[in-house]
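Trainee: I would like to go through this model with you, one feature at a time. Shall we start?

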Amino acid sequence: MEFLFSDGSSRVLLQGEAALMEHHLSEEQLKVIKNNNIIILYVCSPGSRIGKFLFPETKTGYHANIVILDHTICKHCCFSVDEKVAVILHEIGHLLNIPPSEKKELSDFYADYYVKTVGFKASLANSLKKYISSDLPFISLEMKTEIDQRIEALLDPNQSPLKGNIGQ
Ligand SMILES: [Zn+2]
């Protein structure tokens with residue numbers, strides 16, 4: 001899972017999460033993530049920067065994607081290893097399951113649907129529940145309402161597929 005990280009602290013601090021992803025995702029699913037140059041950055045200092053060293057060598061015209069995870073919020077919400085993995089996969093979902101332009105406002109639901117396809121829907125629902133019941137000051141009533149709808153969709157076994165432009 002070396003390909004997921006470009007900096008030492010993210011690699012060390014997310015060792016357990018990387019191992020869990022490697023264990024649960026299929027070789028094909030991991031290959032798609034790798035092919036899309038997705039790098040995870042775990043932000044756990046007052047300041048961070050995204051320098052070119054974070055980007056893997058790419059072919060011209062091929063973009064790198066950085067998924068950022070906030071240590072302070074993860075800690076505040078007491079996310080477990082599988083819940084952090086689900087949050088990472090949700091962000092990867094934004095990169096790999098892009099809704100058609102007329103459904104842009106549903107992008108979080110599409111990202112969640114990706115998480116569902118890789119088997120972490122319960123963990124994501126749990127992390128979202130913890131997030132909205134935390135006392136973080138920037139979570140508005142509107143955000144809570146939308147997150148409640150997302151939890152409902154995640155746990156709905158009869159949800160119609162939300163297949164966007166799934167990355168290969
Ligand atoms: Zn999102």
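Trainee: Which helix do the buried residues of α2 pack against?
Mentor: This is a predicted model, in which local features need pLDDT of at least 70, side-chain atom pairs count only at pLDDT 80 or more, and totals for chains, interfaces and linings use all residues. Residues are numbered from 1 along each chain as its sequence is written. Helices (H or I, at least four residues) and strands (E, at least two) are DSSP runs numbered from the N terminus, and two residues are in contact if their C-beta atoms, placed from the backbone, lie within 7 Å. The buried residues of α2 pack against residues 81-96, that is, α5.

Trainee: Which residues of α2 are buried, and why do they lie on the same side?
Mentor: A residue is buried if 20 or more other C-beta atoms lie within 10 Å of its own, exposed if 12 or fewer, and partly exposed in between, with C-beta atoms placed from the backbone. In α2, residues 15-24, the buried ones are E17, A18, L20 and M21. The arc is taken from the directions from the helix axis to the C-beta atoms. These residues lie on the same side of α2 because they cover an arc of only 160 degrees around the axis.

Trainee: Which residues are exposed on the other side of α2?
Mentor: An α-helix has 3.6 residues a turn, so residues three or four places apart point the same way. On the other side of α2, the exposed residues are E22 and H23.

Trainee: Which residues is I92 in contact with, leaving aside its neighbours within four places in sequence?
Mentor: I92 is one of the core residues that touch the most other members. With those sequence neighbours left aside, its contacts are I33, I38, V67 and Y114.

Trainee: At what angle do α5 and α6 pack?
Mentor: The contact is made by A86, L89, H90, I92, G93, H94 and L96 of α5 and by S107, Y110, A111, D112, Y114 and V115 of α6. Axes are lines fitted to C-alpha atoms, for helices over the stretch in contact, and angles run from 0 to 180 degrees between N-to-C directions. The axes of α5 and α6 are 7 Å apart, and the angle is about 115 degrees.

Trainee: Where does C78 lie, and is C78 buried or exposed?
Mentor: C78 is in the loop between α4 (71-76) and α5, and its phi is also positive, near 55 degrees. With 10 C-beta neighbours inside 10 Å, C78 counts as exposed.

Trainee: Is L154 buried or exposed, and which residues does L154 touch?
Mentor: L154 lies in helix α8. Its 23 C-beta neighbours inside 10 Å make L154 buried. Not counting residues up to four places away in sequence, L154 touches D112, K116, K121, L124 and A125.

Trainee: Is E142 buried or exposed?
Mentor: E142 lies in helix α8. It has 8 C-beta neighbours inside 10 Å, so E142 counts as exposed.

Note on methods
A nonpolar core is a set of buried Ala, Val, Leu, Ile, Met, Phe, Trp, Tyr and Cys residues joined through C-beta atoms within 7 Å.
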